[in-house]
2 protein chains.
Amino acid sequence: MVQPDAACCTDLSAAPLSERRAAELAGGFKALGDPVRLRLLSMIAARAGDDVCVCELTPAFALSQPTISHHLKVLRQAGLIDCERRGTWVYYWLVPETAATLAALLRDPASDPLPTPA
Amino acid sequence: MVQPDAACCTDLSAAPLSERRAAELAGGFKALGDPVRLRLLSMIAARAGDDVCVCELTPAFALSQPTISHHLKVLRQAGLIDCERRGTWVYYWLVPETAATLAALLRDPASDPLPTPA
DNA sequence: AGCCTGTATCGATGGTTGTCGATATGACTA
DNA sequence: TAGTCATATCGACAACCATCGATACAGGCT
């Protein structure tokens with residue numbers, strides 16, 4: 001024993017993030033944890049207010065069309081973007097609330113940000 | 001052909017995020033893309049200014065000690081936390097600059113945040 | 001109706017990741 | 001020096017993921 005008096009542990013403060021909440025938020029970060037998806041998001045966000053056609057995104061990468069479609073789906077399932085079909089083409093736009101929620105956690109990682117409005 | 005005049009693609013705006021930069025930032029987000037790591041980070045950040053002993057973190061999870069050690073290593077390699085050995089124990093603390101860089105990108109995903117000061 | 005174009009889904013595959021038990025390393029005590 | 005505790009590393013394995021080609025679906029043309 002190493003002197004019980006000198007123990008380092010004061011009080012194992014309850015984790016500010018519940019297990020369930022952490023899983024929610026981690027899902028968002030995991031969606032951002034890929035360079036292709038990060039660039040897709042920035043390209044979509046660059047058109048603030050307006051939306052972006054998939055046919056504009058796909059040729060910007062040296063990847064197959066199904067792969068880009070997959071990444072867009074991941075971002076959409078994470079609630080970071082949304083889309084709509086208009087005739088032949090599909091348009092994507094940013095969902096700023098989701099990005100803001102994740103940003104809030106990063107700005108102050110000790111505090112649980114407000115629950116996702118979803 | 002669907003009327004070349006009606007083409008949806010205006011100008012495929014150059015991606016605001018370079019390939020290299022996107023890979024850097026995605027590495028940070030990937031580190032956050034796990035519920036355990038997210039909770040570890042929030043527990044460490046909760047001790048703003050002070051630092052946290054590993055022996056305080058490990059028992060908060062139903063996971064083996066090597067697994068927690070692994071997750072801490074991932075967070076450290078992402079530059080989100082740092083650590084120091086003091087005698088028998090090892091203490092971790094938050095690196096706020098890294099979290100701030102990622103938060104900046106989320107607050108305005110269209111703009112490339114300042115390069116990591118590392 | 002039939003064809004063409006844009007986008008999504010499917011199934012397979014190689015690489016990555018989270019987890020564990022076993023073991024190594026570093027530090028304090030007796 | 002030997003023993004014990006705290007933490008990290010190693011090696012293995014199952015689960016997951018990014019990617020592809022092939023194919024399905026949806027909408028506009030002729």
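Why is helix α2 (residues 35-45) of chain A largely enclosed by the rest of the structure? Eleven of its eleven residues are buried, so the helix is largely enclosed. Here a residue is buried if 20 or more other C-beta atoms, placed from the backbone, lie within 10 Å of its own. The buried residues of α2(A) include Arg37(A), Arg39(A) and Ser42(A) as well as Leu38(A), Leu40(A) and Leu41(A). Helices (H or I, at least four residues) and strands (E, at least two) are DSSP runs, numbered from the N terminus.

The model is predicted: local features need pLDDT of at least 70 and side-chain atom pairs count only at pLDDT 80 or more, whereas totals for chains, interfaces and linings use all residues. Residues are numbered from 1 along each chain as its sequence is written, and chains are lettered from A and ligands numbered from 1 in the order in which they are written.

Chain B is superposed on chain A by a rotation of 180° with 0.0 Å of shift along its axis, at an RMSD of 0.0 Å. This is the relation of a two-fold axis. The superposition is by least squares on the C-alpha atoms of residues with pLDDT of at least 70 in both copies. Ala103(B) is the residue of chain B that comes closest to the rotation axis, its C-alpha lying at 2.3 Å.

Between the chains, 42 residues of chain B are in contact with 42 residues of chain A (C-beta atoms, placed from the backbone, within 7 Å). On the chain B side, α1 (19-32), α2 (35-45), α3 (54-57), β3 (89-94) and α5 (96-107) each supply at least two residues. The largest share, eight residues, comes from α1(B). This side has 32 nonpolar, four polar and six charged residues (nonpolar: Ala, Val, Leu, Ile, Met, Phe, Trp, Tyr, Cys and Pro; charged: Asp, Glu, Lys and Arg; polar: the others, Gly among them). The copies meet through the same surface, because 100% of the interface residues of chain B are also interface residues in chain A.

Within chain B, β3(B) pairs with β1 (residues 52-53) in the antiparallel sense over two bridges, pairing requiring at least two DSSP bridges. Tyr92(B) of β3(B) is the bridge partner of Val52(B). Strand β2 (residues 81-86) is also antiparallel to β3(B), joined by six bridges, with Ile81(B) opposite Leu94(B). The β2(B)-β3(B) hairpin has two residues between the strands, and Gly87(B) takes a positive phi near 70°.

DNA strand D is surrounded by 29 residues, the closest being Ser64(A), Thr67(A), Gly87(A), Cys55(B) and Pro66(B) (near: C-beta atom, placed from the backbone, within 6 Å). The largest share of this surface, six residues, comes from α4(B).

Notes. Two residues are in contact if their C-beta atoms, placed from the backbone, lie within 7 Å. A residue is buried if 20 or more other C-beta atoms lie within 10 Å of its own, exposed if 12 or fewer, and partly exposed in between; C-beta atoms are placed from the backbone.
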